[in-house]
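Please look at the structure below before reading on, and keep it in view while the text goes through the ligand and then the aromatic rings.

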Amino acid sequence: MTTRQTLVADVPVDTRHWIGGRRVASARTFTTTSPVTGGPLAEIARGTPEDADAAVAAAQEAFPGWAATPAGERAAVLHAVADAVERRIEELAAVETLDNGALLRSHRLGVMPRVAQNFRFFADRLLVLGHEDLDTRGHTNRVAWDPAGPCALITPWNAPLMLATWKVAPALAAGNTVVLKPAEWSPLTASLLADLTQEAGLPPGVLNVLQGHGPEAGHALVSHPGVRRIGFTGSVPTARRIAAAAAAHLTPLSLELGGKSPLLVFADADPDLAADLAVEQFDNAGQVCLAATRILVEESVAEDFLRRLTDRAARLRQGDPRQETTDIGPLVHPRQLERVDGFVRRALAVGARAVLGGGPHTGLGGTYYRPTLLTGVAQDSEIVQEEVFGPVLTLQTFRDEDEAVRLANDTRFGLAATLATGDRARADRVTARLVAGTVWVNCFFVRDLRAPFGGSRHSGVGREGGDWSFDFYCDLKNTVTAPKGWRAHG
Ligand code: NAD
């Protein structure tokens, strides 16, 4: 069966692969369903190993031309992609919301503008990449940022286009070609991105979009000998499989993985700010890798903090993510609902108490899960140690700074940490002891794109962002040139 254009939120989406500047059908398709309506949205091409081969071949063929394109011209095309994104923010937002269930308001006002910003930022950064010459006894060392080759980019469903372009933009800016494999639960905006890059004048084969399932299309792609970089955002179990596949060809990897990040609330914190930070962790129905899902609060203020948090949570409006007034939409898929509920049920079975929520929102049906806060949880329990990826927070107390740091660091993850404290010196002391790729002090989620982003321990391998993205997507070359008249010593 072949696939063609389908209307999603009145937007035509071509659900075939995008390979070498052409739409390519697959022998088989799969259905993407909407967590908003519960119904099917589109039939998507289900990529095979042969499709992955074709996509990599297209990326290989386009590579020399794109790599040789002057940086200024590459940057101009990426700005044109950003322009195209900006012209179609409403359409992209509407499709993404139907596909993954995240708030339309956030997509329109935050996520899609950030997609455009991803392209603009790396386009501009490319033009000011550091090229400082080094001098060794008169010999000049000149560092060049050579593009690495075709990149396989594999991305998740929780912020599909934002996370895909966070990798696509620097990979293309660096002069690489790309095969993007979006998540099967939210494949639609990747297909629209292909249209936008064509409209912007990106040459055929420079960006390819391979649709399909992870173990099929994704596995074939990351196992391919023609791929020179693998950029992956997703879960730890998948990262292990990808790393094993990459080992065959020693393909360099960047892994942005899960988290179980803490929010540390000290007694000296502004109590309203602390409660606001905590309630923010329900954003995107908790399907945020960076979410501070373990609240650690100083014993002396725990009761007051809990009251403020539950007051705020009670005001959250759950429902259709297309409504302006909605704060929390559905989970992405019935399987995710089952997974989240499984974690909560098992926690309740071993003694946790649901101070808030504790189950699906039966009144709304579908995949809505009530914002949940669990107390009475043990540090070594599953609910404290494992990533739930839903609107589920745990609350524990600590007596002093040492205990706070010990609990905060006591998981296998190290993606982020958030601190609420009124004491700068304490913030500095605690931050220095935390294992985390990002630490927020009295704020959350704000980040300069020039800064490094990634996780420690099982939260990731490597850093992206700013020049760290170029480090990963380039083969750095140092050329040492002798001074005029220099002779080797006999
Ligand atoms: P996932 O690991 O199930 O899937 C991610 C992608 O990998 C999908 O495109 C999937 O098709 C593909 N895939 C699956 N098996 C594969 C294989 N064998 N070979 C190649 N590709 C394969 O993750 P998910 O459920 O889509 O996303 C949720 C996870 O992503 C959470 O753990 C979350 O914390 C993490 N995440 C991390 C970040 C970050 O920046 N650190 C950001 C967002 C999400």
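A polar contact is a pair of N or O atoms within 3.5 Å; within protein, one must be able to donate a hydrogen and the other to accept it, and residues adjacent in sequence count only if both atoms are side-chain atoms. The model is predicted, so local features need pLDDT of at least 70 and side-chain atom pairs count only at pLDDT 80 or more, while totals for chains, interfaces and linings use all residues. Residues are numbered from 1 along each chain as its sequence is written, and side-chain values use heavy atoms, with hydrogens and water left out.

With that in mind, begin at the ligand, where an oxygen atom lies 2.9 Å from an N or O atom in the side chain of Trp157. The backbone takes part as well: a polar backbone atom of Leu257 is 2.7 Å from a nitrogen atom of the ligand, and a backbone N or O atom of His219 is 3.5 Å from a ligand nitrogen atom. Taken alone, the ligand exposes 850 Å², of which the protein buries 91% (accessible areas come from the Shrake-Rupley method with a 1.4 Å probe, and for residues only the protein chains shown count as cover).

The shell around the ligand holds 28 residues, among which Lys181, Glu184, Ser235, Leu257 and Glu387 come nearest; a residue belongs here if one of its heavy atoms lies within 4 Å of the molecule. Helix 7 (214-222) gives the largest share of this shell, 4 residues.

Now turn to the aromatic rings, of which the structure holds 10 pairs. Rings of Phe, Tyr and Trp (its six-membered ring) pair if their centres lie within 6.5 Å, and planes under 30 degrees apart count as stacked, over 60 as edge-to-face and the rest as tilted. The rings of Phe122 and Phe470 are edge-to-face because their planes stand at 70°, with the centres 5.9 Å apart. This pair links distant parts of the chain, since Phe122 lies in helix 4 (residues 104-127) and Phe470 in helix 15 (residues 466-473), 348 residues apart; helices are DSSP runs of H or I with at least four residues, numbered from the N terminus. Phe122 counts as buried because its relative accessibility is 0%, and Phe470 counts as buried at 0% as well (buried means under 20% relative accessible area, exposed over 50%, partly exposed in between, with a 1.4 Å probe and protein chains only). Both rings belong to one aromatic cluster, together with Phe121, Trp166 and Phe453.

Methods. Helix = DSSP H or I, 4+ residues; strand = E, 2+ residues; numbered from the N terminus.
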